Amino acid sequence: MASRPVLVPIFGDQLTRTLASLRGRAKDDTVILMMEVWDEATYVRHHKQKIALIFSAMRHFAAELRDAGWSVDYVELTDPDNAGSFTGEVARAIERHDPRAVHIVEAGEWRVQQSIEEWPDKFACDVEILPDDRFVCPLSEFRDWAKDRDTLRMEFFYREMRRKTGLLMDDGQPEGGEWNYDSENRKPPKEGLQAPQRPLFEPDEITQEVIELVEDRFADHFGSLDNFGWPVTRDQAEEAADAFFAERIECFGPFQDAMVHGQDDLFHSMLSTSINLGLLDPLELCERAEQSYRDGKAPLNSVEGFIRQIIGWREYVRGFYWLHMPHLQRANALNAQRALPEFFWTGETDMRCLADCIRSTRDNAHAHHIQRLMVLGNFCLIAGISPREVQDWYLVVYAVLETACERELRLATAESCTGGLLASLLTDVPGCSHAFERGFVAYSDAAKCDLLGIERKLVEDCGAVSRNVALAMAQGGLARSQANIAVSITGFAGPGGEDDEEGLVHFALATRGKEPIHREKHHGAIGRDGVRLAALRTALGLMRQAVERRSSAS
């Protein structure tokens, strides 16, 4: 090992042996840094399977690199000295290895990239940020394509990518005479239609250890780990790809817009996780799909549809994201303002398609494009759901804290039936959690009086689950903190006594200088966890309205 090596941090979505930061590097002059950090696992409450997938794939990739002769410095989540962030762990690695330079491939997310761009000023050694060239279209090329266009239609971008790659092209013209065969890919499922089972991979010792870690450290996150079977190595990902091209690509096109109850995957490739982790090369997959057509093993409409998903939609959405961030996270072109229905959190709705999509997401950590766009997305569009509300379904806590931080507001909570869950959520977001001033967990009647200064007679007369007690809790939380805004939650999560209405929750919001606000929700018997999740959503919605009103007032 050289006296002052080059430090190469690799993120969980960069598990590619030919990554730009590794190409051309000498193994005896390089230290690879891989990090499981709390910030990235909790900046939103990721699905349990997503966390397990990324950590397991990272650990397997680190083992492969070591076997190939690379020096790998791997920091596990449970390391007692773990700094909890990429920047903190890179700083610690610089102290350990004294590198002459850090070589890092640009991040796939705007938030992380902002942190990386601060590294040259934070660290004494040189920092080189390399473009991620695993995509067909560099970001600079997308910006050039988008420049001076009145509208950014994916179809026209897709045609440019077909010309660039030569995929399904015949002497400069699209194979078969058409660019797009989507009209042939909308067949309803036949009665008794049954798709082949995709490969499921039994967790090995590494994966099982990660699953146990996630169950222990992220027990309150959404989703189940019972059905975990994702590929976590390149070999497994290749096996999954082989199965798709052998068994499912033929019917992928005609039935790609179909949904069949009990068949969550149908004929979809289920390769997106492996592509996004870096285990599979997207262009190689497109070339395999084209070869299937050339060999007469798959129809043109299926192959074109598969290729369009990758070099069309995947590349287009990436370019669009980077072109419009950070404005995109606040955009609302149609001025949709309706709140997201609570069944998005509980799954309790008579609309079967919606319930099935939410159930599939919970069980599998995956929803294909019809579930995401045509069912969930179209419902939100037709119903006029606020884009921020939809975003909050994924990033709800971040949305509240980001605005509070911008306006230098401090938040407090007073919780009963949620037992501190709201406070836990508000302290999970890196970079913004300082907006949370303090939390009171007042589960018992005595605690409500002792911690929040509520008169015992009020609790006795009105009951702990009541409008008046909720208002007193919020006002007490405000009075006994330095916060600008306090929210309270008190309710019956169930099961309760004979006279307790399961699912009844009272909320109150107290803001300095303003009259307190009360809300009452009747969630019904949706289970203890369902009530608590629904209560969190309502409380967060109240807090967001409050911070945004303060923002407007200022």
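The model is predicted, so local features need pLDDT of at least 70 and side-chain atom pairs count only at pLDDT 80 or more, while totals for chains, interfaces and linings use all residues. Residues are numbered from 1 along each chain as its sequence is written, and side-chain values use heavy atoms, with hydrogens and water left out.

**Salt bridges**

- The structure holds 30 salt bridges, each being a side-chain nitrogen of Lys or Arg within 4 Å of a carboxyl oxygen of Asp or Glu.
- D133 and R23 pair through their side chains at 2.4 Å, N to O. This pair links distant parts of the chain, 110 residues apart: D133 sits in the loop between β5 (126–130) and α6 (139–146), and R23 in the loop between β1 (6–10) and β2 (30–35). Helices (H or I, at least four residues) and strands (E, at least two) are DSSP runs, numbered from the N terminus.
- D133 is partly exposed at 40% relative accessibility, and R23 is partly exposed at 45%. Here buried means under 20% relative accessible area, exposed means over 50%, and partly exposed is in between (1.4 Å probe, protein chains only).
- E106 forms a salt bridge with R318, with the closest N and O atoms 3.6 Å apart. E106 lies in the loop between β4 (101–105) and α4 (110–116) and R318 in helix α13 (residues 300–324), so the pair ties together parts that are 212 residues apart in sequence.
- E106 is buried, with a relative accessible area of 18%, and R318 is buried at 13%.
- R438 and E437 meet in a salt bridge at 2.6 Å, N to O. R438 counts as partly exposed at 32% relative accessibility, whereas E437 counts as buried at 19%.
- A network of salt bridges links R234, E238, D242, E284 and R288.

- The expected span is 1.5 Å times one less than the number of residues.
- The buried residues of α8 are T207, V210, I211, L213 and V214. Seen down the axis of α8, they fall within an arc of 160°, so they line one face of the helix; the arc is that of the directions from the helix axis to the C-beta atoms.
- On the face of α8 turned away from its buried side are the exposed residues E205, E212 and D216.
- The cover over the buried residues of α8 includes α2 (48–67), where contact means heavy atoms within 4.5 Å.
- Helix α21 (residues 467–479) also has 13 residues and reaches 18 Å from its first C-alpha to its last, close to the 18 Å expected. Among its buried residues are V469, L471, M473 and L478.

**A surface patch and a buried serine**

- L334, L381 and I382 make a nonpolar surface patch of about 390 Å². Patches use residues with over 30% relative accessible area and no salt bridge, joining like charges within 9 Å and nonpolar side chains (Val, Leu, Ile, Met, Phe, Trp, Tyr) within 5 Å. Accessible areas come from the Shrake-Rupley method with a 1.4 Å probe; for residues, only the protein chains shown count as cover.
- I382, one of the patch residues, lies in helix α16 (residues 369–383) and is exposed, with a relative accessible area of 73%.
- S386 lies in the loop between α16 and α17 (387–406) and counts as buried at 6% relative accessibility. Not counting residues up to four places away in sequence, S386 touches A336, Q337, R338 and R544.
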